[in-house]
Amino acid sequence: MVDLKVLTQAMSDLDEDVLNKAIDEVLSKDDNAAAQEVVKACQQGMTLVGERYDSGEYFIGDLVFAGEVLQSVMDKLKPALSAGSSAKGGKIVLATVFGDLHDIGKNIFRSMVEAANFEVIDLGINVPVSQIVDKVKEVNPDIVGLSGVLTLALDSMKETVDALNEAGFRSSVKVIIGGVPVNEVVCKSIGADAFSTNAAEGVKICQGWVG
Amino acid sequence: MSEVMNTYQERLDRVFKTLRLEQADRVPVLGTYGTWGAYYGGYTDSETNWDIDKCGKAMLKMANDIPMDMLHQPFARPGGVYQALGSKAFHYLSDSNIVQYSDESAQIMKDDEYPEFSKDPFRFLVEKVLPRKYAELAKDSPMRDLAFAKGAMKFGMFGAQKGAIKGSLAAQGMPVLFDGIILHPMDWIADFFRGIKGAFGDIRRRPAEFAEAIQAFTPLVIRLGMGQVHMAPPSPNPKVLLLPLHLPTMLKVADFDKYYWPSFKMIMEFFAAYNVYVIPFYEGDWSRFYNHLQELPAKKTMGWFEHGDPKEMKQKLQDTMCLIGLFPATLLQYGTKEECIAKAKELLDNLAPGGGYIFGTDKELIAPQDAKAENIIAVNKFVMEYGIY
């Protein structure tokens, strides 16, 4: 059996070689329970990545890479995992808002919040307001996460929040906005519940809402 | 000298005195209004890229309506060049949106191509990067040659049109700051060759090759900058290049020291030695690197900052560089006139004493809603009155 502590440490160190070896070993045995454990260990490692970011040891570049590493781990393990088998902490509909193509921040947040056991429905980039509202109607999430880098994204964020209001969802979902141009003034004007320019902090805010 | 020429000269002197860390008659105001200006002029960003004269008209309107000492640069991009070459990288999501560049379209070099890149970056650019980036350049001759000739012609026209814009602004007494733009080799690699995600992966997976590529590309960046310096018409003041910095604040200090700082310092020292002022746009929060910045050539650069504590910046950087920025664009969008003026006062109180401070926004304004014009006008008027020495 793979040493899960070593796996957690390897994820936290972003050591792909160690991770890949361990995962290949698990896959060669076709052991569903072991695959589950490996996912859990990697998620714990991802939490440590977040902590190392918080402490100033890691920076955005490390988070981008961590997201990629976690994604490749999940892709590899997917066939060995039975569907819907892990418990979820909450549901988030996530999007880079209409008019903006930037997804690096959104993807960092997604990988970290997935590692924190949330179910994420990622609608991608340049997502029209109506598509976000429709998805909220369909999946009934706890949280809507809106991301954007350009200042013009702020307008789309506001339009999205207004549309959620009009559709009567604002009392049932929390809205968090993230990205370079967000701050307290913006958050208030847009009518979001919270803002963050730091993915790890954003995850904590979301955990606070569903905890 | 005519009154307009007097105004022009006064504004230039005010800005360049401040750039040299001397105290001018008052705090200068730099208009960092990019494509926001297109919309202010009644156009879309895309319209001004296809018809560069519209960029000039919008800039003249800004120069007439908005109190300031200098505009930073013509904001139009050469749409005709991109079209002639068949660019796959620039996107308009809609007619009313600004042009955008996606990380996906930046991924045009493979990770195993670093040795070839580093051996001869210029050859690699011409033979590998350009045909992958521009569909027309991937075709066989003579289609490729025609596209290249058309692109070069459009680029030449673009240069002439930008020159004409600067000329008509000067005729109204309004100088323009930047003579050109350069990028750090690492930002080049991330923005245009490997994508940002690709570059961060390469730092981990191919650290030595990545560092070598940055080093190999640095002389080309310098050549590109000097080319623009020589193309700009002669001027009694030093030429000025903009250097937007993208990746550094996303890096650990150890990675910054290894990959970013050596080339950055080399570029800054090179241009300072030729009396060219390079003005980096310090994107993100640079507070971790203030000690590094103290090593840059003194009184030869200006730092355009997005974030930071003005008191700390003044204390640490006032002997090295002129400071600009920090005024939050979002306040111009969402704040009241009074809130905007209060923020400007706070910045002036901390940054203006003794000189070496130019007033400007924390980032370029790009979208139509990025700022209320009445807020910009109120703030700039305030700075011109309150910022008198």
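## Exercises on a predicted two-chain model

Leaving aside neighbours within four places in sequence, B:V278 touches B:L241, B:L243, B:M268, B:F271, B:K300, B:T301 and B:M302, where contact means heavy atoms within 4.5 Å. The model is predicted, so local features need pLDDT of at least 70 and side-chain atom pairs count only at pLDDT 80 or more, whereas totals for chains, interfaces and linings use all residues. Residues are numbered from 1 along each chain as its sequence is written, chains are lettered from A and ligands numbered from 1 in the order in which they are written, and side-chain values use heavy atoms, with hydrogens and water left out.

**Exercise 1.** Determine in which strand B:V278 lies, and whether B:V278 is buried or exposed.

*Solution.* Begin with the secondary structure, which places B:V278 in strand β7 (residues 277-282) of chain B; strands are DSSP runs of E of at least two residues and helices runs of H or I of at least four, numbered from the N terminus. Next, take the relative accessible area of B:V278, which is 1%, so the residue is buried (buried means under 20%, exposed over 50%, partly exposed in between, with a 1.4 Å probe and protein chains only).

**Exercise 2.** Work out how the buried residues of helix α15 of chain B are arranged around its axis.

*Solution.* First list the buried residues of α15 (residues 310-317), which are B:P310, B:M313, B:K314 and B:L317. Seen down the axis of α15(B), these residues fall within an arc of 100°, so they line one face of the helix; the arc is that of the directions from the helix axis to the C-beta atoms. An α-helix has 3.6 residues a turn, so residues three or four places apart point the same way. Then turn to the face away from the buried side, which carries the exposed residues B:K311 and B:Q315. Finally, the cover over the buried residues of α15(B) includes α14 (290-293), β8 (302-305), β9 (322-327) and α17 (337-351) of chain B.

**Exercise 3.** Describe how helices α10 and α12 of chain B cross, and classify the residues of their contact.

*Solution.* The axes of α10 (residues 185-194) and α12 (residues 207-231) of chain B come within 8 Å and cross at roughly 100°, the axes being lines fitted to C-alpha atoms, for helices over the stretch in contact, with angles from 0 to 180 degrees between N-to-C directions. That makes α10(B) roughly perpendicular to α12(B) (angles under 35 degrees count as roughly parallel, over 145 as roughly antiparallel, 65 to 115 as roughly perpendicular and the rest as oblique). On the α10(B) side the contact is made by B:P185, B:M186, B:W188, B:I189 and B:F193, while α12(B) contributes residues including B:F210, B:F217 and B:L224. The residues of this contact divide into 11 nonpolar, 1 polar and no charged, where Ala, Val, Leu, Ile, Met, Phe, Trp, Tyr, Cys and Pro count as nonpolar, Asp, Glu, Lys and Arg as charged, and the others, Gly among them, as polar.
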